[in-house]
Amino acid sequence: MQKENHFDYIIIGNGLAGLQLALGFLKDPFFGSKKIALIDPSTKTINDKTWSFWEQGQGQWDSIVYKSWNKALFKSRDIELSIPLEDYTYKSIRSIDFYEFAKAELKTASNFQFILDEVQEIKTTSNLEIIGSKNSYTSNHVFDSRIPEAYFSKSSNYSLVHQHFKGWVIKTEQPNFHSKEFTMMDYRFNYKNSTSFIYVLPFSETEALVEFTFFTPNTVEEEIYDAALNDYIKKELKLETYKILETEIGNISMTDFPFWDESTNKVTKIGTGGGWVKGSTGYSFKHTEKYVQKIISNIKQGKSPSFNLINKKFKFYDAIFLDVLKRQNEKGIWIFEQFYSKNSVDTMFRFLDEETSFAEDIQIMKSLFSMTFIKAFFRVLFRFQ
Ligand SMILES: Cc1cc2nc3c(=O)[nH]c(=O)nc-3n(C[C@H](O)[C@H](O)[C@H](O)COP(=O)(O)OP(=O)(O)OC[C@H]3O[C@@H](n4cnc5c(N)ncnc54)[C@H](O)[C@@H]3O)c2cc1C
């Protein structure tokens, strides 16, 4: 193996997790002398998604935030809530802006190297050998954002709910959108009693992302999304003419599969492949920041990077929620009605950010107290032992 193909750290995957981790290393002088490679077959030049997240005050990505909002709407057939976000702001970032920003920052440092290659295998026999389609590399430690094989072979033992969606960025001639508030969930257009809703991000008075999203054990044909989007745009937004500028289609696995068990002292699973996408929400942008900080702090303390990375208490709560959604999908509307109407914004966001105390968790659980959750609690408790 040639010396130039040896690295202190190799990051597999230049997606959200890989690039946030690399930027974390870049910012910390501790890693200034480390030779770091980022391997991905993609040059990341396409805007493949919009990442949204909430945070308090200013954040480290503000220079690339595309649009932000301070008020959220929640609608179902029974309730309508306009929720001021108080200290929080909901922010959206176009993935292309994030990729461009991260690549430009990382290219300023000589210790980072981008390699266009697809990793086939990691051999952990005597040293760590990373076999790519074009070349082989060695490293002291690998951060791997690929989905582990075990997920495909063993996932039937765990809960899986698909967060699947199709959205259009639409443009109108005249001002039509209230660009100061976004629609978190509108359940009035749900499909056959399933947990499905419309999500709207107005980017300006004439442009918005309108998305039809399901949290269901099965996926649907594309016509189902199209019918709901057309229906919503015609009946709710009252638009007859508009242009579709972009289409976003996605499927995020909401699962309690223990991805983190695949990490070792030499290989740390990161991103979706490390279980960083929150099982109960499908969000991971903000969580990724925390995981990156924890990894950096572990390394600096001489611990294994994956040491204590995962908060098992919140994984347990996520598993209960997924159990309910998987078995009684029609309960989703009731769950979100209770969640949004009975808790403060601060408690809800901190709970979803995995920052609440046990006393605050109880408060949230009281708002969802029902036989359905009690049964799910015992089923998951039995499984987690
Ligand atoms: C359409 C969509 C919208 C989403 N919106 C949000 C949102 O609004 N908010 C939020 O918090 N989360 C959102 N998510 C969930 C989550 O944040 C994203 O999926 C996020 O991109 C996950 O980060 P990641 O690094 O694990 O994966 P990715 O960003 O997908 O990156 C993985 C990288 O690994 C590379 N790779 C794969 N195989 C190999 C290989 N063999 N060798 C080398 N490289 C490889 C890929 O090319 C890719 O660049 C969304 C997900 C999707 C799919």
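So, β3 (residues 50-56) gives the largest share of the shell around the ligand, 4 residues. Strands here are DSSP runs of E, at least two residues, and helices are runs of H or I, at least four, numbered from the N terminus. Quick caveat: this is a predicted model, where local features need pLDDT of at least 70, side-chain atom pairs count only at pLDDT 80 or more, and totals for chains, interfaces and linings use all residues. Numbering starts from 1 along each chain as its sequence is written.

Okay, the rest of the shell. There are 30 residues around the ligand, and G13, G15, A17, G250 and G271 come nearest; near means a C-beta atom, placed from the backbone, within 6 Å. By class, the shell has 12 nonpolar, 13 polar and 5 charged residues. Ala, Val, Leu, Ile, Met, Phe, Trp, Tyr, Cys and Pro count as nonpolar, Asp, Glu, Lys and Arg as charged, and the others, Gly among them, as polar.

Where does the ligand sit? Domain 1 (3-43 + 95-155 + 257-300) and domain 2 (160-254) both give residues to its shell, so it lies between them. Those bounds come from an automatic or database domain assignment. The centres of the two domains, over C-alpha atoms, are 32 Å apart.

Now, α1. It's among the elements that supply at least two shell residues each, and α1 (residues 16-27) also packs on α5 (residues 285-300), at about 45 degrees with axes 9 Å apart. Axes are lines fitted to C-alpha atoms over the stretch in contact, with angles from 0 to 180 degrees between N-to-C directions.
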